[in-house]
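Welcome, and please open your viewer. We will go from stop to stop, selecting a few residues each time and looking at what is there.

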Amino acid sequence: MTARAVVTGIGVVAPSGVGADAHWRTVLSGTRHTGPITLFDPAGYPTRFGGEVPGFEAAAYADNRRLVQTDRWTHLGFAATQLALADAGLPERAPDPYGYAVTLASSSGGNLFGQRELQRLWGGPTRAVGAYQSIAWFYAASVGQLSIHHQFKGPCGVLVAETAGGLDSLAHAARAVRRGTPVVIAGATECPLSPYALACQLASGLLSEVADPERAYRPFDVAASGYLPAEGGAVFVVEELGHALARGARIYGEVRGWAATHDGAHTTVDADGDPVQYARAMRLALDRAGVGADLVDVVLPDALGVPRYDRSEATALRAVFGDRLPPVTTHKSLTGRAHQGGSALDVATALLAFAHDTLPASAGPDDVAPGCELDFLREQRQPVNRLSLVCARGFDGFNSALVLLGAAPSSGGEQ
């Protein structure tokens, strides 16, 4: 039999709060957690708002030795992983090192650390960088640090596909489970909030410059003007089903199907054309999950908040689902766009929705933009088939889709 990959632990460290419960309360309340950027002085930048993790204390999740070697993005990963392992009831150190692995996604790497060191190099009296500059900025830094600290020595890796990578990470974890690794840490955290990182994002022309955090990021809305950057994300314990059942673990849901496609085009070009590859990723994910499009309870879209991309995404969803479009819900406007961490956060929302037997209302749009007519979930409802489709698009043409089957909220048993 093909091994089945289930999620047994969720760790959230995001603008919506620290911990899965805090995130779920934010989703239900529809409270926005975007505001002025405080990690550096954004004065002089056209975008000065974003989503930051409130009251985050890195020292609560790692000792000083590890903290001085790493960037805030990795600090967030330390916290999310610790929370996920505790939620899954697993020890922090692997009893079987080669039976545990880490596969995370990253877009921006350790840019806050790198910015500080390069400023020392070019503007400080020492004209030097610290010894850890060579490793702290690197995309795989979080994976490496977590593997070392937790002694997870199975097949580890890092995915780099902008927002799409947060879903690719779960797919990669499921493949590792099918190939014989019982436990895989998956997901993503980000911290794209530094002068350099903000300048890079501004170059795309996709950031919102609206000077009101309550109105700056409004996906699918007539007032859509771009996105707000955000830090944080979610990390998961993905486990082989038999392994989870043998130890009596609580199961949130199963990774049933996934797919990734590529447009072969840079995303700064006009995206109003036929989104055939994005729709193809959705169809492939559903087909590989063995479920019909008509069985999907809810879709969590990419929701970039840029009008032409919102219209393109709505076109893709209508192409896949036709007249039987399932409810669509998005909460990125509450937190900002955390790139790969944002799609991982969508996975957490979907799994928590099934755990609470509640599909949460969408945080907008208030006034649907022409071409974005979808069945946005306006009030809470119960799932029927416990199936969700989570979608993400990464800059430069990446498309990913993930099908999740939620466990029954009370049993936590096999589906």
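Start by selecting Glu254 and Arg4, whose side chains meet in a salt bridge at 2.8 Å, N to O. A salt bridge here is a side-chain nitrogen of Lys or Arg within 4 Å of a carboxyl oxygen of Asp or Glu. This pair links distant parts of the chain, 250 residues apart: Glu254 is in strand S9 (residues 253–262), and Arg4 is in the segment before strand S1 (5–14). Helices (H or I, at least four residues) and strands (E, at least two) are DSSP runs, numbered from the N terminus. Glu254 counts as buried, at 7% relative accessibility; buried means under 20% relative accessible area, exposed over 50%, and partly exposed in between (1.4 Å probe, protein chains only).

A word on what you are viewing: this is a predicted model, where local features need pLDDT of at least 70, side-chain atom pairs count only at pLDDT 80 or more, and totals for chains, interfaces and linings use all residues. Residues are numbered from 1 along each chain as its sequence is written, and side-chain values use heavy atoms, with hydrogens and water left out.

Next, select Arg250 and Asp87, which form a salt bridge at 2.6 Å, N to O. Arg250 sits in the loop between helix H9 (241–246) and S9, while Asp87 belongs to helix H3 (residues 72–88), 163 residues apart. Arg250 is partly exposed, with a relative accessible area of 40%, and Asp87 is partly exposed at 25%.

Now move to Arg386 and Asp357, a salt bridge whose closest N and O atoms are 3.0 Å apart. Both residues lie in the loop between helix H13 (340–355) and strand S11 (387–394), so the pair ties together parts that are 29 residues apart in sequence. Arg386 counts as buried, at 10% relative accessibility. In total, the structure holds 14 salt bridges.

Which residues line the largest cavity? Select His23, Val27, His331, Lys332, Leu334, Thr335, Gly336, Gly342, Leu345, Asp346 and Thr349. On a 1 Å grid over the protein atoms alone, a cavity is a set of points where a 1.4 Å probe fits but cannot get out, and lining residues have an atom within 4 Å of a point. Helix H1 (20–29), helix H12 (332–335) and H13 each give two or more residues to this lining, and H13 gives the most, with four.

Definitions and conventions
On a 1 Å grid over the protein atoms alone, a cavity is a set of points where a 1.4 Å probe fits but cannot get out, and a pocket is an open set with protein on both sides within 12 Å along at least five of seven lines; lining residues have an atom within 4 Å of a point.
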